[in-house]
Amino acid sequence: MAQEPFLPFSKPSIGREEVEEAVRTLESDWLTTGPRAARFEEDFKSYIGARHALALNSATAALHAALVAAGVGPGDEVITTPMTFVATANVIEMVGARAVFADVRPDTLNLSPEEAARRVTGRTRAILPVHFAGLPCDMAALGRLARRRGLKIIEDAAHAVGAEAAGAKVGAGSYIACFSFHPNKNMTTAEGGMLVTSSREAARAVRLFRFHGVDKEAWKRQGPTGGPHFRMASLGLKYNLTDLQAALGIHQLKKLDGFNRRRRELADLYRDLLSDVDEVELPAFGGAGVRHAWHLFVVRFRTRKISLSRDEIMDRLRAKGIGTGLHYTAVHLHRYYKRKYGFRRGMFPAAEDASDRLASLPLFPRMTDADVERVVGALKEVVIRR
Ligand SMILES: *Cc1c(COP(=O)(O)O)cnc(C)c1O
């Protein structure tokens, strides 16, 4: 029997429009940050319904800039989730603050507002929640905690572009929310990120920080009304998004709602086909008024019942031509964090249990219904033991 082609857990969807815009950009006189990045920011701002949108070269850069703009630094603590990509916690460490983990809710794998409340100290400056897999966090509860304790909320919305809660897009009213356009994410610019904010001061600080602390970017200085001089008012880095990347983003954004609609259909199909498979726990789908972005379809295996480890299940699926992802190994179990803070197993039981048993099944807009059936068929062969 001929083996079907390998099905990875994620694939980008780049069309003619993106290719042609990229070619027009290459043939124009301006490649780096310029008119296309400015247009992408305008389009993104209207899509989200945000006050300010700033394009950066990754979500990691956006989160770093967010902490700097919020004034977080040495001696401060920021509460975050262990169920995330390491970048979320790394940026906290990078500004000299302390990453303080609080456990997740066992159902949604989002930061638990109750656990977050237990970790607040006199040094806490901010909460950094992640909308895990694209399911919005309980922002009402986190917002109440933040107001009560005078904390800022910086949202890692890398998974949640297009997600909605309480009638608004994730990021719409946020102090700061950061999105990722890595190729695995719901839309891509190859690499890239966007920071949205309701704060004019934060927007100003991020604008400076992403470009050497210089108040006028080169494309404005080099035009007919510009001049060669610039002022450097504060320290900054080189975190700007190029026009070549924005050329992709402009068209990906137009297609985003369609991409997310297809992701939702595929998630619904997985749910139907897996509903009678006791060996596999389904992810949370979100309640009324919530629109999941379905960045990832993360299942948890009942490994005791299956008597295979998660890694063995992933290996056997790969041998059957099915790729899976590991989102995530709980961050506090990585060597840097264990060594620095003495974290051990047992400290964040919900995140650890998920971390040991989860895997992301293939989910991307170009998948067919038959692909989902193929994944579920292979999964049943692996996990249903007789
Ligand atoms: C992808 C991701 C990031 C980092 O995004 P980049 O654009 O690759 O820097 C941060 N946090 C989470 C939760 C992510 O999934």
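Trainee: Which residue of β5 stands opposite Ala126?

Mentor: This is a predicted model, where local features need pLDDT of at least 70, side-chain atom pairs count only at pLDDT 80 or more, and totals for chains, interfaces and linings use all residues. Residues are numbered from 1 along each chain as its sequence is written, and side-chain values use heavy atoms, with hydrogens and water left out. Strands here are DSSP runs of E, at least two residues, and helices are runs of H or I, at least four, both numbered from the N terminus. β4 and strand β5 (residues 152-156) run parallel, joined by two bridges, and the residue opposite Ala126 is Lys152.

Trainee: How many bridges join β2 to β4?

Mentor: Two strands pair if DSSP finds at least two bridges between them. Strand β2 (residues 77-80) runs parallel to β4, and Glu77 stands opposite Thr124 in β4. The bridges joining β2 to β4 number four.

Trainee: Is strand β4 mostly covered or mostly open, and how many of its residues are buried?

Mentor: Buried means under 20% relative accessible area, exposed over 50%, and partly exposed in between (1.4 Å probe, protein chains only). Strand β4 spans residues 124-128 and is mostly covered. Of its five residues, the buried ones number four.

Trainee: What is the strand order in the open sheet of three strands?

Mentor: The edge strands are β10 (280-281) and β13 (358-361), as each pairs on one side only. β10 pairs with strand β12 (residues 297-301) in the antiparallel sense over two bridges, with Val280 opposite Phe301. The order is β10-β12-β13.

Trainee: Which residue forms a salt bridge with Glu281 at 3.0 Å?

Mentor: A salt bridge is a side-chain nitrogen of Lys or Arg within 4 Å of a carboxyl oxygen of Asp or Glu. Glu281 lies in strand β10 and its partner in helix α13 (residues 349-357), so the pair ties together parts 76 residues apart in sequence. Salt bridges that share partners also join Glu281, Arg302, Asp353 and Arg357 into one network. The partner at 3.0 Å, closest N to O, is Arg357.

Trainee: Arg210 and Glu41 meet in a salt bridge too, so is Arg210 buried or exposed, and at what relative accessibility?

Mentor: Their side chains come to 2.8 Å, N to O. Arg210 sits in the loop between α7 (200-209) and α8 (218-221), while Glu41 is in helix α2 (residues 35-48), 169 residues apart. Glu41 counts as buried because its relative accessibility is 12%. Arg210 counts as buried too, because its relative accessibility is 3%.
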